[in-house]
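Subject: A structure for you to look through

Hi there,

Here is the structure I promised to hand over. Please open it alongside this email, and then read on for what turned up in it.

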Amino acid sequence: MDESKKRQWRSRLVLLLIVAMFFGSFGIAALLRFAGWEPEKHKNFGELLQPPLDFSAQRFPRADGTPYDWRPEENGWRLVFVSDRPCAAACAAQYDVLHRVWLSQGRHATRIYVLWFAELPAGAQPFEGLVPMRPAPALTAALRDIDAAAGHPAYIIDSGGYVVMRYPPGFDPSGLRKDLAKLVK
């Protein structure tokens with residue numbers, strides 16, 4: 001084989017190697033994606049609601065009677081607690097959990113509101129992000145198992161009024177804290 005043929009084959013081989021590297025990495029990424037694998041830091045701890053529940057047109061009253069506006073321009077997040085029963089030990093424990101999760105967000109806590117659609121626990125100390133709300137039958141009907149025997153679930157609502165995540169009764173507060181930290185960044 002003469003020198004020009006060797007160069008031509010070498011050039012073709014380099015081109016084929018580049019194409020194989022490009023499509024090979026694309027193929028591996030596609031295989032991992034469609035197999036359901038996700039990197040650990042991209043997994044949610046709560047249940048992502050598909051499709052999210054839309055409450056953007058609803059106006060819920062605060063405990064003092066004033067309407068609560070969603071204010072999508074704020075880019076804030078809402079932690080939601082809903083119960084239509086008198087507040088007992090499980091309710092008080094959930095209040096403490098949500099307060100601690102709110103505190104754990106540090107400087108980002110100003111973008112998080114805890115909407116409390118229930119009676120406040122006896123002796124509960126209000127905090128800056130707490131928004132006591134009046135009972136909301138539309139919200140209560142839409143959210144499942146709000147008074148489960150295992151405890152109370154928590155929900156995350158975005159600034160536009162969409163319920164996007166659900167944390168089942170007995171959820172791990174550190175998972176909720178981690179999910180919120182990702183959202184408020």
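Before we start, one term: a residue is called buried when its relative accessible area is under 20%, exposed when it is over 50%, and partly exposed in between. Please also keep in mind that this is a predicted model.

**The aromatic residues**

With that term in hand, look at Phe60 and Trp70, which are both buried. For Phe60 the relative accessibility is 5%, so Phe60 falls under the 20% cut-off. How many aromatic pairs are there in the model? The count comes to ten. In one of them, the ring centres of Phe60 and Trp70 are 6.1 Å apart and the planes stand at 90°, so this pair is edge-to-face. Phe60 belongs to strand E2 (residues 60–61), while Trp70 sits in the loop between strand E3 (67–68) and strand E4 (77–82), so the pair ties together parts ten residues apart in sequence.

Phe60 has another ring partner, Phe117: this pair is also edge-to-face, with 5.6 Å from centre to centre and 80° between the planes. Here the link joins distant parts of the chain, since Phe60 is in strand E2 and Phe117 is in strand E5 (residues 112–117), 57 residues apart. Phe117 is buried too, with a relative accessible area of 2%. Taken together, ring pairs connect Phe55, Phe60, Tyr68, Trp70 and Phe117 into a cluster.

Phe117 brings us to strand E5. Is E5 largely enclosed or largely open? Six of its six residues are buried, so E5 is largely enclosed by the rest of the structure. Both of its faces are covered: Ile112, Val114 and Trp116 are buried on one side, and Tyr113, Leu115 and Phe117 are buried on the other.

Arg78 has Tyr113 in E5 as its bridge partner, and Leu79 stands opposite Val114 in E5. To get from E4 to E5, the chain passes through helix H2 (residues 89–104), and this β-α-β crossover is right-handed.

Each of these strands has a further neighbour. E5 pairs with strand E6 (residues 130–132) in the parallel sense, over three bridges, and Leu115 is opposite Val131 in E6. E4 is joined to strand E7 (residues 154–157) by three bridges, and these two run antiparallel. Leu79 has Ile156 as its bridge partner in E7.

*Gln94* is in helix H2, the helix of the crossover from E4 to E5. With a relative accessibility of 8%, Gln94 counts as buried. Its side chain reaches the backbone oxygen of Pro153 at 3.4 Å. Leaving out residues up to four places away in sequence, Gln94 touches Phe81, Trp116, His152, Pro153, Ala154 and Phe171.

*Asp179* is in helix H4 (residues 173–184). Its relative accessibility is 2%, so Asp179 counts as buried. A polar atom of the Asp179 side chain lies 3.1 Å from the backbone nitrogen of Gly46. Beyond residues up to four places away in sequence, Asp179 touches Lys43, Asn44, Phe45, Gly46, Met165 and Tyr167.

*Gln58* is found in the loop between strand E1 (47–54) and E2. Is Gln58 buried or partly exposed? At 32% relative accessibility, Gln58 counts as partly exposed. Setting aside residues up to four places away in sequence, Gln58 touches Trp70 and Ala138. Gln58 and Trp70 are twelve residues apart along the chain, and their C-alpha atoms are separated by 9.2 Å.

Key
Residues numbered from 1 in each chain as written. Predicted model: local features only at pLDDT ≥ 70, side-chain atom pairs only at ≥ 80, totals over all residues. Heavy atoms only, no water. Helix = DSSP H or I, 4+ residues; strand = E, 2+ residues; numbered from the N terminus. Buried < 20%, exposed > 50% of the residue type's maximum accessible area, 1.4 Å probe, protein only. Polar contact = N/O pair within 3.5 Å; in protein donor to acceptor, adjacent residues only side chain to side chain. Contact = heavy atoms within 4.5 Å. Phe/Tyr/Trp six-rings, centres within 6.5 Å; stacked < 30°, edge-to-face > 60°. Pairing = 2+ DSSP bridges. Right-handed = clockwise from strand over helix to strand, strands pointing away.
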